[in-house]
Amino acid sequence: MRYPDAHKTQTRQRIVAMAALRFRAEGLAGVGIANLMADLGLTHGGFYAHFDSKEQLVATACSQALQQLNQHWRQLLEQAAPGECMAALASDYLSPAHRDLPDSGCALAALAGELARQGVTVRQRVACELEAILDTLAEARRRDGQADSALADLALLVGSLSLARLIDDAALSQQLLQQARDRLVAPK
């Protein structure tokens with residue numbers, strides 16, 4: 001029985017969405033294709049109707065997760081008052097809710113170490129999305145009337161969130177998030 005093209009597209013999107021969630025929650029190495037497909041009620045062999053390899057899935061899922069982050073940031077920028085753009089991004093990104101939900105949060109904070117060790121295909125796709133994210137951060141600074149510091153801003157955001165997730169002491173973790181937020185919104 002042949003399925004309509006829309007079914008294949010929907011199935012592929014289900015695989016990508018579940019992979020993006022599972023990669024962030026369990027790490028790239030922690031997610032096997034057979035288990036991922038079984039969790040979706042699909043066969044392991046069916047994976048290859050959508051992707052040539054796990055590397056292709058990693059590239060697609062991470063790219064999509066970073067696109068979603070950037071879209072979310074763009075929405076925050078549209079809602080933020082001039083002069084409050086970085087504060088809006090920092091408050092949202094460096095929040096306890098984001099810290100506590102890595103599976104639905106930023107793929108960079110969850111996977112940066114693993115992504116750096118991936119093949120060229122994955123790194124190139126992630127680099128492409130990083131450029132868009134850096135553009136959004138630069139725009140936030142411009143809207144706030146400040147000089148572009150997107151690279152440092154991204155490093156502070158991702159690094160702080162990653163460390164806050166690592167720290168078991170809830171008060172210290174919260175203090176780290178707060179200090180990073182304060183640093184990001186301090187006048188430049």
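1. The UniProt coiled-coil region, from an unreviewed entry, is placed at residues 123-183. UniProt positions follow the numbering used here, feature names are shortened, and annotations may be inferred rather than shown by experiment. In this predicted model, the span is 85% helix and 0% strand, with its end C-alpha atoms 29 Å apart. Helices (H or I, at least four residues) and strands (E, at least two) are DSSP runs, numbered from the N terminus.

2. A word on the ground rules. Residues count from 1 along each chain as its sequence is written, and side-chain values use heavy atoms, leaving out hydrogens and water. Local features need pLDDT of at least 70 and side-chain atom pairs count only at pLDDT 80 or more, while totals for chains, interfaces and linings use all residues.

3. As for the overall fold, the chain has nine helices and zero strands, giving the pattern α-α-α-α-α-α-α-α-α along the sequence. The C-alpha trace spans about 60 × 35 × 30 Å along its principal axes.

4. The unreviewed UniProt entry also carries a "DNA-binding region" annotation, covering residues 32-51. Here the chain is 35% helix and 0% strand, and the end C-alpha atoms are 14 Å apart.

5. Now to a helix pair. Helix 4 (residues 85-93) and helix 7 (residues 120-143) have axes that come within 7 Å and cross at roughly 135 degrees. Helix 4 is therefore oblique to helix 7. Axes are lines fitted to C-alpha atoms, for helices over the stretch in contact, with angles from 0 to 180 degrees between N-to-C directions; under 35 degrees counts as roughly parallel, over 145 as roughly antiparallel, 65 to 115 as roughly perpendicular and the rest as oblique.

6. The contact (heavy atoms within 4.5 Å) is made by Cys85, Met86 and Leu89 of helix 4 and by Leu137, Ala140, Arg141 and Arg143 of helix 7. These residues divide into five nonpolar, no polar and two charged. Ala, Val, Leu, Ile, Met, Phe, Trp, Tyr, Cys and Pro count as nonpolar, Asp, Glu, Lys and Arg as charged, and the others, Gly among them, as polar.

7. Finally, the second largest pocket holds about 200 Å³ of space. Of its 13 lining residues, Leu69, His98, Ser104, Gly105 and Cys106 are the closest to its centre. A pocket is an open set of points on a 1 Å grid over the protein atoms alone, where a 1.4 Å probe fits, with protein on both sides within 12 Å along at least five of seven lines; lining residues have an atom within 4 Å of a point. Helix 3 gives the largest share of the lining, four residues.

Definitions and conventions:
Points joined across faces, edges and corners; volume = space filled by probe spheres on them.
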